[in-house]
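Let's take a walk through this structure together. Have a look at the picture first, and then read on.

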Amino acid sequence: MDILAIFFLVTGLIFFTGGAIGIIRMPDFYSRLHPAGKLDTLGIFAMVLGLIFYSLHHFSMDTLISILKMLLIVFFVFLSSPTATHSIVDAGMRAGLRHWTKKKRR
Amino acid sequence: MSTFFLCTALFLCFLMLASLYRAIFGPTVLDRLVGVNAIGSKTVILLLLIGFLYGRVEMFIDIALAYAFLNFITVLAASRYFHKRKGLYEESFLE
Amino acid sequence: MTISKDNGPEGKKSLLSNFFKSCIPFSLTFILMFGLWIVLSGKFDPLLISLGLISSFLISFFFYDLLFPDFTFNYFAICIRFIQYIPWLLWEIIKANFHLLFIVFHPRLKDLIDPHIIVFKTNLKTDISITTMANSITLTPGTITVSANSDGIFRVHAIDKASAEALPGKMLDKVTKVFGEEK
């Protein structure tokens with residue numbers, strides 16, 4: 001069980017690292033949203049899965065309720081993260097930001 | 001196992017610093033919003049890890065849940081607020 | 001004309017049928033709210049349980065038509081098909097996430113990406129199917145829904161060519177099948 005927990009935690013950390021580095025390296029605001037909105041979502045999913053596997057050690061009523069709460073967090077994040085991303089994109093579109101395109105170099 | 005949790009939490013803090021770079025130096029306002037959103041989604045996991053470190057998961061999990069809700073509402077409200085600012089970002093795209 | 005025709009016979013027994021029609025969404029909302037109360041409180045005192053019963057009864061009494069606007073038994077079938085849709089979506093998310101991870105860690109990032117906006121039209125009608133489609137597009141990395149209106153026209157910001165080409169095909173079929181709408 002510990003091995004599964006460590007595996008999922010490390011996977012989530014890799015996703016989070018990709019998200020943070022993508023936010024820094026991407027050239028413009030629209031493409032920054034791609035790593036920010038979604039690598040973080042899957043990172044939260046993987047890390048919460050790891051924590052659930054860790055807390056399955058001694059099973060009781062309290063752990064069952066905390067596992068249900070963690071699943072509630074995952075459900076809410078999966079519902080709210082696309083909405084937040086879409087809201088930010090909408091704000092950018094209405095403000096008239098142009099998106100970054102590849103420049104022709106010759 | 002507790003040292004592993006501690007290392008994970010420290011690494012998460014480092015990643016939050018990396019996203020803080022975008023939140024401070026971002027060229028437009030919406031870039032800062034993206035950075036703040038990324039920090040908030042890492043904070044949820046950090047709160048859960050702190051709960052496991054202190055052995056009081058059932059208390060910290062409520063705080064994490066409330067923080068997830070609050071993060072979502074913050075991003076929604078801020079992006080709604082910047083809807084009506086037309087032409088606010090033009091100077092950053094002059095290059 | 002048709003409206004007045006429909007109104008005539010329904011006017012008499014509207015009270016009784018309305019009661020039965022609102023009974024099922026009321027009880028569903030009540031069960032949902034009370035389950036949420038138990039999960040969030042986590043204690044089983046008689047006082048807390050009775051407080052939860054009272055508050056969830058009040059909420060479902062006032063807002064029973066908010067969660068399930070026009071209830072039909074079709075909802076259960078949609079629910080079952082939606083649960084079957086979730087593992088495919090999850091697998092798709094994981095596959096596409098690794099693709100985005102490869103892009104982010106690539107040293108020549110600006111040569112690899114090619115952001116552009118694509119527009120396509122679908123035949124989705126109801127609000128919930130359009131919302132599900134838009135959220136699925138956004139959750140699949142490489143694509144973000146910029147705008148989606150009630151005519152079923154989607155504008156999508158894609159980060160490179162590969163993720164833009166895969167877009168309207170299979171996911172649209174799946175969502176259309178889940179909500180039982182015609183293509």
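How many salt bridges does the structure hold over all chains? There are 4 salt bridges, counting every chain; the term stands for a side-chain nitrogen of Lys or Arg within 4 Å of a carboxyl oxygen of Asp or Glu. Side chains of opposite charge can pair when their charged atoms come close.

Before we visit some of them, a word on the model. It is predicted, with pLDDT of at least 70 needed for local features and 80 or more for side-chain atom pairs, while totals for chains, interfaces and linings use all residues. Side-chain values use heavy atoms, without hydrogens and water, residues are numbered from 1 along each chain as its sequence is written, and chains are lettered from A and ligands numbered from 1 in the order written.

One of the bridges links B:Asp31 with A:Arg32, at 2.6 Å from N to O. B:Asp31 sits in helix 2 (residues 29–54) of chain B and A:Arg32 in helix 2 (residues 29–55) of chain A, so this pair joins two chains. Helices here are DSSP runs of H or I with at least four residues, numbered from the N terminus. Both B:Asp31 and A:Arg32 are buried, where buried means under 20% relative accessible area, exposed over 50%, and partly exposed in between (1.4 Å probe, protein chains only).

Another bridge, between B:Asp62 and A:Lys69, spans 3.1 Å from N to O. Here B:Asp62 is partly exposed at 34% relative accessibility, whereas A:Lys69 is buried at 5%.
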